[in-house]
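Please look over the sequence and the structure shown here before reading on. The report is written for a reader who is new to describing proteins.

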Amino acid sequence: MAADGHELTINGETCSLAGTDPATNALDFLRDRGLTGAKEGCAEGECGACSIMVARPDEGGGTRWTAINACLIPAAALDGQEVVTSEGLGTPDDLHPVQREMAVRGGSQCGYCTPGFVCSMAAEYYRADRSEPAASNGHGADHEHGPNGFDLHALSGNLCRCTGYRPIRDAAFALGSPSDDDGYAARRSSPAPVAASTRLAGTSGTFARPADLAEALDLLAAQPEAVLVAGSTDWGVDVNIKGSRAAYAIGIDRVPELRTFDFGDDRVEIGAALTLSEVERLLAGRVPLLAQLFPQFASRLIRNGATIGGNLGTGSPIGDTPPALLALEATLVLASRDGEREVPLADYFTGYRQTVRQPGELIRAVRIPLPLSGITAFHKIAKRRFDDISSVAVGFAIDVRHGVVAKARIGLGGVAATPIRALATEAALEGRPWTADVVREAADVMRSEGTPLDDHRSSAAYRKAMLGTALLKLHADDTETQTEEVPA
Amino acid sequence: MSALSDRPTNPVVGESLPHEAASLHVTGQALYTDDLVGRLPGTLHAHPVQAPHAHARVTRLDVSAAYDVPGVVRVLTADDVPGVNDAGIKHDEPLFPSEVMYYGHSVCWVLGETLEAARLGSLAVEVDYEPLPALVTVKDAIAADSFQGGQPRMERGDIDAGFEAATHVFSGEFEFAGQEHFYLETHCSLAQVDENGQVFVQCSTQHPTETQDIVAHVLGTPSHAVTVQCLRMGGGFGGKEMQPHGYAAIAALGATLTGRPVRLRLTRNQDITMSGKRHGFHAQWRVGFDDTGHLVALDATLTADGGWSLDLSEPVLARALCHIDNAYWIPNVRVNGRIAKSHKTSQTAFRGFGGPQGMLVIEDILGRCAPLLGLDPIDLRRRNFYVHGQATPYGQPVRHPERAVTCWEQVLTTGDVAARQAEIAAYNSIHEHSKRALAMTPVKFGISFNLTAFNQAGALVHVYKDGSVLINHGGTEMGQGLHTKMLQVAATALGVPLSMVRLAPTRTDKVPNTSATAASSGADLNGGAVKNACEQITERLRSLAGERFEVAPAEVTFSDGMVSGGGESMPWAEFVNLAYFNRIQLWAAGYYRTEGLHWDSSIMQGSPFKYFAYGVAATEVEVDGFTGAYRTRRVDIVHDVGDSLSPLVDIGQVEGGFVQGAGWLTLEDLRWDESDGPNRGRLATQAASTYKLPSFSEMPEEFNVALLEQAHEDGAVYGSKAVGEPPLMLAFSVREALRQAAAAFGPAGTSIDLASPATPEAVWWAIQEARGGAEPPHMTAMVEGGTGVVPDQPGNGAHPIEPRSERAQRVSSGA
């Protein structure tokens, strides 16, 4: 036990956090201790060269090995946690099965991204339900899903500049199941470490992790300027790239009251500190619009850290959950020491990175009313299919009854200073028949929603054009689906 | 077969082996320069002060406030340079500039006890700037007549007669983007001062000798006082051929001034904003075809956007000119080249080194003209292939043109191209909102440095008394598998198992005066040198074995770890030990130079290449008509690597090169701020979040790569061919498939002008063009008939590239 009690387990060995500044990320912390396998490739969670595995609770009371970006998470946030790096998985004389497949199949060339790939791949290797027949989760074996159940999206946050990925895919798809004497596999059946309640002070400021919501709200009341850090996938970028430093940061990602989940009769309530990966698993496809969103949201590495509340808390106009949640008419539960209030997401954003959230408040949960609309889709326009930021994002939730649009809810991202509802388009659809002509008229309305800008992601003209085609695409996809469903 | 290319029985070359460091890579135990920092207590960290202007004069530099920041140890400025204040060799790249030449140019460097201290110190440095007008785009530079370096012209035949004889003439203009290397490991140097003032720099460099040269001239010391070592690089791709030197010199300067080790590792943002990239080009062209679709004349002017300093722009441009023919016979040719001087990073080597840019021009021309000629693009390309007896526009006979044909036919067959074309046509006829297309493109790429002098290499091979072998060579390992191949070459040449051979890191005090590991030549050159060293040793052993076995020395064989002759044999280790006691030298310095090359850059004529590498790719894409988004459904490649030294390595190079090329052509988007605002000249895509590399989502869904069989190359080590660069250009097939798919949204015969990179947005505009909708922003009119629009011709001040000017005035610049 370290003198101050702040410690974590790295590759099975206890390591003290004493003297670690709260601005120090886990990657630098590991590298300063001689564990140089994890690398810095971008320092913003895009390349995955820093990927490590952490022991996180699974939904059944056991442990799930979870790959995250070490460059984004403060080392302090790992207090009490268990970490595994590429060095801990195997040695050159005793390679881990993942390492062996990567090595013999030419999965490494320069090798710099490789330890990160190995950790992301190992986390998927240890996914308890991976060996289920691939077809049962809606995916047959295809170019993104291996015959061994390996989901290639597990590697969507890892970039390789050398190989072109084919040998890495082959390595992933060749993996078997962990052997009986595999300690990491065995670790899954006992509970994950409880996140320690922490206070770590350094020259740049203090990192505090409250034990529960009451303590979190007390801290927030006492430190109204504090930075709220959940998965740190946004804050970590500010620290690394912009040089931001927090005098006081409050880690809320493990507060139990923020990690609840309830799928009720008239609404779903999702705890704000659930990660997007956790939400995806808990929903298990029951909200099809979100099921479409998740694989397009950043990468698996980011989704393993990023929380649904965090994506709303940053107030970004290009976050990917707001357009979907706007279409779903979600509300936010904001909590403070004075109690809770519920705010429609449509009223939450007030300006560029501005929201109605008051000092002393945090997002406790997101609520989605039920029943859901019949036609839903999430369209993301970006340069790259995996792991990119939207230039335009559109969430659709449309109810068609007897051929007429009974209700239309359309959320837009990337076309204004905040995520917005396409209110004029919704009005142009509601009460009218769901036909190509009506859709074409409404699409023209949608083309002029928002105030798109020119930037490096795309031109304003393209953004407008994409607003104009989104509804056409939705209608075409919906019509084609119906046609295909008609028995021949 | 030549002695160089002949393989003995049971060679270790040709075996499919994993990368020699694979088990170190996967366990995180492979060390890169920055991983060494923890082994050097007291290391200082360097951080730049980057200017927020594209062009400005530094009117005041006051570093005093930096020293008030706790942990700041030293600020390095121009006043500290004891030697030459130049990061290059042409005296146009001041290490500490008084005139800022691009947005992010570093004016000084702060050394701190921690990186955080250095960073905070850099924020405290006060700099006043007088902003100056900045040329940001290549068109800005052309309009301002801002050029640098030579303006080569490559000519053959009679251009006027060619156009007069042509039955179809088209003209056009094409501007296409460069590419960020985005090696996963950013630039990194770690310098320390050893005993007696010997400076030791560990550096992520493709060119240790030149890093040594620059460090020496900055420090004002002879080269013998500087040693550079490169353990390995986390990717190079040309970005570490010329660019590491200045950073290494900063670290070395800091180490000599403070007496402490200095680490300089760029963050990703610093690396992207400060380091050079693949050159973007502007091209004007006119082309003539006869009535059977054969090229008869090409007139083009290529303008490379060189950025602020000359760097490697001249040889890059020369290679672009030498590859504008790709695999096609063009009887009448005139190509002018020039290098724009603009206020951007100094563009530099990048895999293909101008070759891709030259070839992109002709492939773009063919892709645009095929529909106008009424020809299937596959047919148009195939009918223009070189045939035996023809020569390139620069006068080099095209050897083995039949290999391109063989690759082409093999792809047609194994790729099932005809049947798939029919499937695609059927698919397109019933899908209004989605179109598919398949395109095939060839590659012919010249192997050797254009500048003949660089085609030499050295090696040092030690055989120890226990029979174990240690090899050194001048090449660097950046992931391309060079070390793996060199181990295989040594094991083959000595006839010992691979396990007996070990490779030591690349160091300038082991093998001096090396060439860059570049131009795909690493295995050819260093393989020749390693083989030569091994053969010197076996020649000496051969004499002893002849005496011992009572046979003629020529009868002695070295194979499978045995030395044999006259029916007798002895294990290698035992024989080596015997040789030691017979006072036989068991080590050798090897040397290799490529024979038969000559090149005159002043007239752009000669035979600069030892041979050509060939390859063919067929790519099928599917494009969404609502968004322009696309996916690559299938890729089939047949590529010529000679008789492969190491097939797993070579296939990895082909696949990786292809995907990197596809990234350049479709995804990777360098966007400089071209506005007149305060950020003019700033790179907007300066992070992994905004500059997107191909990820898993861009990998072809089906990816079939085959190496051409029975492809022995007589002029290279063990019959092999170079592989690093040529496959990158197979990615033209992706771009051409996207063009064809976009065209399929319009009526038959639609010619499409596709921007490069062909991002989903660019493809969407191309679709709009095909549909006859809004005119896309990149549209350039093509004019048919007459003799076309003559491209810009060189002005009065233009001069050709001087022979050797690629590396002029190197000698004694630092001594």
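The paragraphs that follow describe two chains, the side of one that touches the other, and a few local features of a predicted model.

## Chain A as a whole

Chain A contains 16 helices and 20 strands. Its radius of gyration is 23 Å, close to the 23 Å that the globule rule gives for 488 residues, so chain A is as compact as a globular protein of that length.

When the contacts in chain A with a separation of 6 or more are considered, 68% of them are between residues 24 or more positions apart.

## A buried methionine in chain A

Met121(A) lies in helix α4 of chain A, which covers residues 114-125. Is this residue buried or exposed? Met121(A) counts as buried, because it has 30 C-beta neighbours inside 10 Å, and a residue needs 20 or more of them to be called buried.

If the neighbours within four places in sequence are left aside, Met121(A) is in contact with Val98(A), Ala154(A), Leu155(A) and Ala172(A). Val239(A), for its part, is 118 residues away from Met121(A) in sequence, and the C-alpha atoms of these two residues are 27 Å apart in space.

## Where chain A meets chain B

Between the two chains, 66 residues of chain A are in contact with 62 residues of chain B. On the side of chain A that touches chain B, at least two residues are supplied by each of the helices α2 (86-89), α3 (97-104), α4, α5 (166-174) and α16 (460-485) of chain A. The largest share, 7 residues, comes from α16(A). Sorted by kind, the residues on this side of chain A are 30 nonpolar, 23 polar and 13 charged.

## Chain B as a whole

Chain B has 18 helices and 29 strands. For its 815 residues, a compact globule would have a radius of gyration near 28 Å, and the 27 Å of chain B agrees with this. The C-alpha trace of chain B spans about 80 × 75 × 50 Å along its principal axes.

Buried residues make up 64% of the 815 residues in chain B. Among the contacts in chain B with a separation of 6 or more, 81% are between residues 24 or more positions apart.

## A sheet and its helices in chain B

Chain B holds an open sheet of 8 strands with mixed pairing, in the order β3-β5-β1-β12-β9-β10-β11-β20. The edge strands of this sheet are β3 (72-76) and β20 (506-507) of chain B, each of which pairs on one side only. Strand β11 (residues 226-230) of chain B pairs with β20(B) in the antiparallel sense over 2 bridges, and the bridge partner of Gln229(B) in β20(B) is Arg507(B).

Helix α2 (residues 115-124) of chain B lies across β1 (44-50), β3 and β5 (106-112) of chain B, and runs at about 25° to β1(B). Helix α6 (residues 244-258) of chain B lies across several strands, including β9 (188-193) of chain B, to which it runs at about 30°.

Methods:
Residues are numbered from 1 along each chain as its sequence is written. Chains are lettered from A and ligands numbered from 1 in the order in which they are written. This is a predicted model: local features need pLDDT of at least 70, side-chain atom pairs count only at pLDDT 80 or more; totals for chains, interfaces and linings use all residues. Helices (H or I, at least four residues) and strands (E, at least two) are DSSP runs, numbered from the N terminus. A residue is buried if 20 or more other C-beta atoms lie within 10 Å of its own, exposed if 12 or fewer, and partly exposed in between; C-beta atoms are placed from the backbone. Two residues are in contact if their C-beta atoms, placed from the backbone, lie within 7 Å. Two strands pair if DSSP finds at least two bridges between them. Axes are lines fitted to C-alpha atoms, for helices over the stretch in contact, and angles run from 0 to 180 degrees between N-to-C directions. The radius of gyration is taken over C-alpha atoms; the globule rule is 2.2 Å times the number of residues to the power 0.38. Ala, Val, Leu, Ile, Met, Phe, Trp, Tyr, Cys and Pro count as nonpolar, Asp, Glu, Lys and Arg as charged, and the others, Gly among them, as polar.
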